[in-house]
Amino acid sequence: MTPTAWAVLGLLSFGRELSGYDLKKWADNSLRFFYWSPAASQIYSELRRLEKLGYATSTVARQDDLRNKRVYSITETGRQALEAWLREPPEPTVLKHPTMLRVWLGHVEQPDRLTKVLDAHRADLTEQLDAARHAAEHATDDPAWGVHPAAVTRWAVRRLESELDLLDELERDLATIPDPRKRFKK
């Protein structure tokens with residue numbers, strides 16, 4: 001199974017019946033700070049896969065007079081599979097950082113353009129940090145979250161704060177580098 005499938009199964013392991021919409025909301029408010037938040041279409045695709053494997057089951061729940069919704073829960077087989085996966089050594093962390101790739105290729109870019117890239121990255125990090133802080137503050141409001149997701153959300157706050165500090169250091173490093181394009185001019 002894909003890591004996304006394990007993440008969806010893990011979201012179901014907290015003991016509540018959840019719709020695909022509920023799973024997406026929860027992923028947006030927790031997983032995205034350290035893994036990523038899958039698209040709703042991916043969540044529904046993984047839910048169907050989990051059902052076929054016997055790791056999840058679904059029922060139709062009445063929502064209102066016009067609509068019903070399908071809610072999912074983990075099966076005992078799914079819980080056993082999740083526990084077995086958790087005992088396996090984790091895959092190596094892979095960092096794909098599009099901003100750092102652009103800086104790494106800074107020798108072909110104008111310094112003021114790199115500054116704009118870093119400014120945009122700083123704005124994105126700041127927005128993520130605000131969201132993570134909000135999520136961390138409210139993680140204890142919902143007992144279904146549990147202590148482990150709340151602890152990881154607090155870790156995400158510290159990681160984002162750290163990346164902002166690292167960005168400051170990178171900008172200081174870049175300020176000492178002369179415009180590399182000047183070396184190629186005649």
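**Rings and helices**

Modeller: Let us begin with Trp36, which is partly exposed at 34% relative accessibility; buried means under 20% relative accessible area, exposed over 50% and partly exposed in between, with a 1.4 Å probe and protein chains only. The model is predicted, so local features need pLDDT of at least 70 and side-chain atom pairs count only at pLDDT 80 or more, whereas totals for chains, interfaces and linings use all residues. Residues are numbered from 1 along each chain as its sequence is written, and side-chain values use heavy atoms, with hydrogens and water left out.

Colleague: How many aromatic pairs are counted?

Modeller: Rings of Phe, Tyr and Trp (its six-membered ring) pair if their centres lie within 6.5 Å; planes under 30 degrees apart count as stacked, over 60 as edge-to-face and the rest as tilted. The count here is three aromatic pairs. Trp6 and Trp85 are stacked, because their ring centres are 5.1 Å apart and their planes stand at 10 degrees. This pair joins distant parts of the chain, 79 residues apart: Trp6 belongs to helix 1 (residues 3-12) and Trp85 to helix 4 (residues 76-87). Helices are DSSP runs (H or I, at least four residues), numbered from the N terminus.

Colleague: Is Trp6 buried or exposed?

Modeller: Trp6 is buried, with a relative accessible area of 11%, while Trp85 is partly exposed at 23%. As for Tyr35 and Trp36, their ring centres are 6.5 Å apart and their planes at 55 degrees, so this pair is tilted. Tyr35 is partly exposed, its relative accessible area being 36%.

Colleague: Which ring has the charged end of Arg16 over it?

Modeller: A charge sits over a ring if NZ of Lys or CZ of Arg is within 6 Å of the ring centre and within 35 degrees of the ring normal. The charged end of Arg16 sits over the ring of Trp26, 5.7 Å from its centre.

Colleague: At what angle do helix 1 and helix 3 cross?

Modeller: Axes are lines fitted to C-alpha atoms, for helices over the stretch in contact, and angles run from 0 to 180 degrees between N-to-C directions. The axes of helix 1 and helix 3 cross at roughly 80 degrees and come within 9 Å. These helices are therefore roughly perpendicular, a term for angles of 65 to 115 degrees. Where they meet, helix 1 supplies Thr4, Ala5, Val8, Leu9 and Leu12, and helix 3 supplies Ile43, Glu46, Leu47 and Leu50; contact means heavy atoms within 4.5 Å.

Definitions and conventions
Helix = DSSP H or I, 4+ residues; strand = E, 2+ residues; numbered from the N terminus. Parallel < 35°, antiparallel > 145°, perpendicular 65-115°, else oblique.
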